[in-house]
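Please look over the sequence and the 3D structure below, and then read the briefing that follows, which goes from the whole chain to its sheet and one of its helices.

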Amino acid sequence: MTSSRSASMHASVRTVIDRPPEATFEYMDVPENQARISPRLSDVETIGTLDNGGKRATYAYDLFGLSFRGEVRGVVHEPPERIAFELSGDIEGRIEWAFEPVDGGTAVTYAATYDLGLPRPVQWLIAPLTDRFNRRELEQTLRNLDERLSGAGGEP
């Protein structure tokens, strides 16, 4: 039996940024900053703070002329070590940020697991392309984060 359910895509990247974990966490704790560093994230607006300190925000993600919209909820909020958001709406999934002190800087890990709602056979066909694309997107996001935080004296 063939399922028409979609499959999740996952990518994870890591880099070291020349800023302390507290500063890096603080920057990423502002949802609008995600749109400043993510190439295809066109709009983010904070709509509240949850009891755990995590943020709730709306998002718009543009890809190949399509706009995906939804909401993120900060389900894990552990300053200055970890932030995790659950995505709902057009894109379902989870993004996680981990911040680890290393030699005066921060090792940042960015992981994303999500589902665009495509049928499994379609995702299977495009998986090699989307895997490379997703990894490049995450890598570019971390490069942009590094440029924002490490350049100009660490001021975004």
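Two strands are said to pair if DSSP finds at least two bridges between them, and helices (H or I, at least four residues) and strands (E, at least two) are DSSP runs numbered from the N terminus. The model is predicted, so that local features need pLDDT of at least 70 and side-chain atom pairs count only at pLDDT 80 or more, while totals for chains, interfaces and linings use all residues. Residues are numbered from 1 along each chain as its sequence is written, and side-chain values use heavy atoms, with hydrogens and water left out.

**The chain as a whole**
- The chain holds three helices and seven strands, which follow one another along the sequence as β-α-α-β-β-β-β-β-β-α.
- Of the 156 residues in the chain, 41% are buried, where buried means under 20% relative accessible area (1.4 Å probe, protein chains only).

**The sheet**
- Seven strands form an open, antiparallel sheet in the order S1-S7-S6-S5-S4-S3-S2.
- Strand S1 (9-17) and strand S2 (41-49) stand at the edges with a single partner strand each, so one side of each has no neighbour in the sheet.
- Strand S5 (residues 82-89) and strand S6 (residues 92-102) pair in the antiparallel sense over six bridges, and Phe85 has Ile95 in S6 as its bridge partner.

**A helix across the sheet**
- Helix H1 (residues 21-28) lies across strand S4 (66-78), S5, S6 and strand S7 (105-115), and runs at about 160 degrees to S6.
- Here contact means heavy atoms within 4.5 Å, and axes are lines fitted to C-alpha atoms, for helices over the stretch in contact, with angles from 0 to 180 degrees between N-to-C directions.

Key. Buried < 20%, exposed > 50% of the residue type's maximum accessible area, 1.4 Å probe, protein only.
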